[in-house]
Amino acid sequence: MWWKGRRIEQIRTSALILAFVLNFAASHPCLSPERRCDFVCDCLDCDDEQDCGYGGKGFRCDFEDSGICGWKDESLNAAYRWERRQRGDTLTGSGPSSDFTTGTASGWFMGVTEVKSEGVKTAVLVSPKMQESSPTCRLRLRYFLWDSGQTGLGSSPLLASVVRQDAEMAVVWRLEATSFRGWSEATVFLGRIAAPFQIHLYSNRLQGRRGDVAVDQLEFLDCALPLPLPGKECPAEMLECKRGGCVAQRQVCDGTDDCGDWTDEENCEGYRRCDFENDVCDWDLRSLSDLKWVRTSQENISDPLKGPGRDHSNNSVSGHFLYVTVPDGGLQNDWAAFQSPPLEPTNSTHPCKMVMYTHQFGPRSGGLTVLVADKSISAAWKRGGALGDVWVKAEVEIVNNSTFQILIMAAVREFAYGGIAVDNIVLSPECRRSNDSMWLEKFPKSPKDPCTAPEKMCDFESDCEGAEDEAACGDFSYSKGSSGWTDTSIGSQGWVLHQNSTAKEEYLYVAEAPGQQLTQAQTRTPLLGPSGPACTLQFDFALTGNAAHIGELSVRVIDSLLGVQPPLWEFSGKTGTEEAAWQPAQVAVGARKHRFQLAFESRAVKPRPYAKIQVKNVHFTGCHANYFPSFSTALTCNFEDGMCGWHQDNSDNFDWTLVDGMDHTIGIGKSLVVDMWSSSLRGAFGRLLSLPLLPFHTGGHCLTFFYKIYGTNTGALNVKLFTKDGYETLLWTRSGAHGNTWHEAHCPVPNQFTTYQLMFEAVRSGFDGRVAIDDVALVARPCSVPRLCSFEGQQCGYKSSGQVYWVLRNGHTPTATGPKTDHTLETELGFYMMVKTGGSVLPAGATATLTSPVRIGKALTECLNFWYHMGSENPGSLSVYMKPMEGERVKIFTDNQDQGDVWRHANGNISSNLMDWQLQFEIIGRGGKDTHVAIDDIFISAHPCENQGSKCSFEKGMCTWSNTQNIQRDQLDWELTSHEKEMHYSTPSEDHSLGTEKGHFLFIPSSNRTAANQKAQLLGPHLPPTKGTCLKFWLYKQYSTDSQLKVWTLSKGLLNEQLEVTELDGPWRRFDIDIVSTEEYQIVFEGIKGSFGVLALDDIEYTVGVNCAKKVTDGVTTSSKPSNAGGIAASVIVALLLIGTLIALFVYYLRIQMRVRALTDPSSSSSSPEDGGGFGNDNYEADLSEDHVRISPEQIHPKAAGFNNVSVSSREREAA
């Protein structure tokens, strides 16, 4: 048969491969099969530990290599599987915002595919085969678990199992977590596995989006069996294993194979060990409680969230143990006990020593206690709460001068999952059985019922007489406060409470502990909170001894919903040599929405007596959830002395940071910053919350602030309104590159009828930039017209009037007319203002007007820029007016033609001569059919408009050039900066225009935070067809850089290449290009980022209709293009106001005097919105040549001038 021949050929091939492997292994003994993947580097370069589920000396896998460390997807169904992937160029609605290892969009991780099924589908990720592991072996991983589609996570969205070579599978980790958009850390305790094995990562789901379950950065820790000491014998206090290596005497006869060959468990005569494999030995499971312990195995437990997953004795699913949990009928008693037979009395020189292994998993685990019963009952040992999905070693030493029994009692809670298991109880030879009978003279009293509801215990507010509900919560101010700290260590070090009533001394210290794991010592409070924004943990700490490095100490929050959080505070090293070298610490706990625990975590290099780690005087201050500190400036804050009425949101991914030397206030002060380029940043959101604010019903409020969004791939800055029921409303947003300069923002806050909070939100969709805010103020008056309005989520105070209303809409709005994308984001999600102008909606001659808020008049001429979209034949007439508060309005711009399906730029000068004014966008109907007019991105520049063909030196902004935000076209932005202002990126040492370090230019930096070959497109305005238009520009490109520049023309959606520059001889070089186009077009500069080096542009100039030989190529034609009446408007205004010049100067003089009085008269200061307080910015000029406020000589420092409390009239504020 044909298949027999094929089978023979396969056998021959396999034999040849085997022979080759054996021959290779013989010549490279470190690569022999039994040495591969045994968690020991036998080869000098650790080649024997490559592709083992980890790689190299770090025993780590970050999935950056395409081989993914040997892991394979072995899912049974292609409908749901694991895949190696990246986030991609855009922040999607599912999956991580970055990988964990690199924290960027280009980093790799393993995630699941999308699944939609009527039955549960299972995705399986399988490791290569590993050799046996030690009892201390654990796998630390980062996982991502988010229910973005809100379809439910199911009971087992992520779990890990061990599969041995005999195909037996045991679950070793079940994820205890809820949906959260961020990477979290978990530890899988693998334990002693005495045969080759593989790890399987499972995800079981009915429905879910792509990437919503993911893993990254796997690290195998302490997995190798004991190694021989090179050229040395084992120390006297250790036992030598037959296979080599040493173990501590404490590990001998403790029921665990620490040597890896059972040497440490061989000579254990007299020890009584019960592993419950055949029976319960001489332990008695009878109990006075209705809740009973049972002998069982995981094979007999159907619920995946019950049981320990495997026993301790064999690390097997078929192994037996004792177990207790909530029965199917619910709890009648919340405790269960079992007991030993009677035992002979002991003494201090020959105590009875008991070793046991406990598994306390899930919220049902209330704790475990060892009691000694003779004529009465007393506690000998206890361990509270849940410890995770891990078997934990416990040692109990009993000295009792009469016959006694050991009682092991579990407390069980009525929750959804979990339970308590006990296995491998070992009694030392001193625990001798007794034939004496026993009786109790008195039964212990039942514990006192709590004085209040469980959720009110330890909530930082006294609800009971004598503050009984707050007395044992961890605050040393209370007599029993220190007893609230419970040691939850599972390793060889633990926390102990020292109390000396005579010396009135109490402190927590780290000591040796019996646990197997090489993990930090941990002690926790009971469940606390929720807490308020001012919550602070205070304590004194000491790390003392003769060694140069004593150890580490940290404080962590364990959130009842979100799980283990990153450390709040860390210290490493030593505080001194003497024991009294105490140091104080204050740790901001902040507002926590859910109940939580605080934990001290520590690890000494060598514990007592060689080194001491101690904590005392632990106090909680300002922690009640409804306590809000008062600040004289309320939300008005320049951040020089802290965060005023603002605080971090602890349910987000990262925090805002106070940074020195880069503020708007004085240039060298403090501002609040999120550095997207930080390598330690993870997640998508960082939020800053205000204190709760009282409702207001009339007038509206205005949140003013200065912001900086700087970098080629930054993200977004949002302002949101947050109600007490958790509802969020977007008030203001900005995204994309805004230059290395401060911009002023005015954000209208609508009337509120309930208590609310304001929120600054930094969205990390990019990884190379900085977001910052400064000089924040909330004032009780409407905002003036902002300098920039993109209509993303708000109307910026613009109001509609006339027969038809302007509406805020986007491309998703169901209508047949209107732009499909906005101009700001160039997507269907972006917003703009639009009015339908069809004859059936807006009859011929009828009007629809959009009016801005009032803007304060200026002496200088300003430039109005905006983008408009007019669709279909005869769309109506669009006119833009400046309407002074007194006098006739002046037309700035008009157009009445169908401009095609494109956004067009328009501008016009505004000269108000100190008179306050408003903008009006007016549409007059012309009776068209299915027509519309839309506007977007209104920007008022502080400088006069420049002519179409004039040079752009970038000294006053980006002129008519803009970065595209279309994610289909590019991933990066051209950024505006100068060498003088640049503190992060490498840039040209000078610009071309000025030839100085103060001069500005556009550039794409070299950064490892974004991948090479990503693009940034710079778009010019729409230009008419031409037979020859000269484009001139200067390019900076380092000779060695591999970045590129391409110049295109864009017509009807098609790109036509004009120039490609890959090499450049000198720093700045001029290029001239003659552009010919039969269609209307835009000029596009496309920068392609290299792996190193910088690319920069300066002095871009084009001459419409004149080629580079200075020859006129386009004849003069009559055009029906828009009329730009800005210059005429300016002239008319100036002429009309010549008569009032003296009056205007007089008014200006009076305003200056009023301003001086406001800045110097303390009686005029106010900090509340109702008083109109806030930051004045009259000395600020939005010119790129200076990025911060000019301080007059009299004002040595803003605080000295009453900056925090200055009261400035609304007519004196500058909006942007």
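Student: Where is His312 found in this predicted model?

Tutor: His312 sits in the loop between strand S15 (294-297) and strand S16 (320-324).

Student: Why is His312 called buried?

Tutor: Its relative accessibility is 13%. Buried means under 20%, so His312 counts as buried. Leaving aside neighbours within four places in sequence, His312 is in contact with several residues, including Tyr357, Trp391 and Gln516.

Student: What makes Asp389 and Arg174 a salt bridge?

Tutor: Their closest N and O atoms are 2.8 Å apart, and the cut-off is within 4 Å. Therefore the pair counts as a salt bridge. Asp389 lies in the loop between strand S20 (377-384) and strand S21 (392-398), while Arg174 belongs to strand S8 (residues 169-174). The two are 215 residues apart.

Student: Glu601 and Arg556 form a salt bridge too. Are they buried or exposed?

Tutor: Glu601 has a relative accessible area of 7%, and Arg556 has 17%. The limit for buried is under 20%, so Glu601 is buried, and so is Arg556. Their closest N and O atoms are 3.0 Å apart.

Student: How do you know that Lys1052 is exposed?

Tutor: Exposed means over 50%. Lys1052 has 71% relative accessibility, so this residue counts as exposed. Its side chain meets that of Glu1079 in a salt bridge, at 3.6 Å from N to O.

Student: And why is Glu1079 called partly exposed?

Tutor: Its relative accessible area is 33%.

How values were computed
Residues are numbered from 1 along each chain as its sequence is written. This is a predicted model: local features need pLDDT of at least 70, side-chain atom pairs count only at pLDDT 80 or more; totals for chains, interfaces and linings use all residues. Side-chain values use heavy atoms; hydrogens and water are left out. Helices (H or I, at least four residues) and strands (E, at least two) are DSSP runs, numbered from the N terminus. Buried means under 20% relative accessible area, exposed over 50%, partly exposed in between (1.4 Å probe, protein chains only). Contact means heavy atoms within 4.5 Å.
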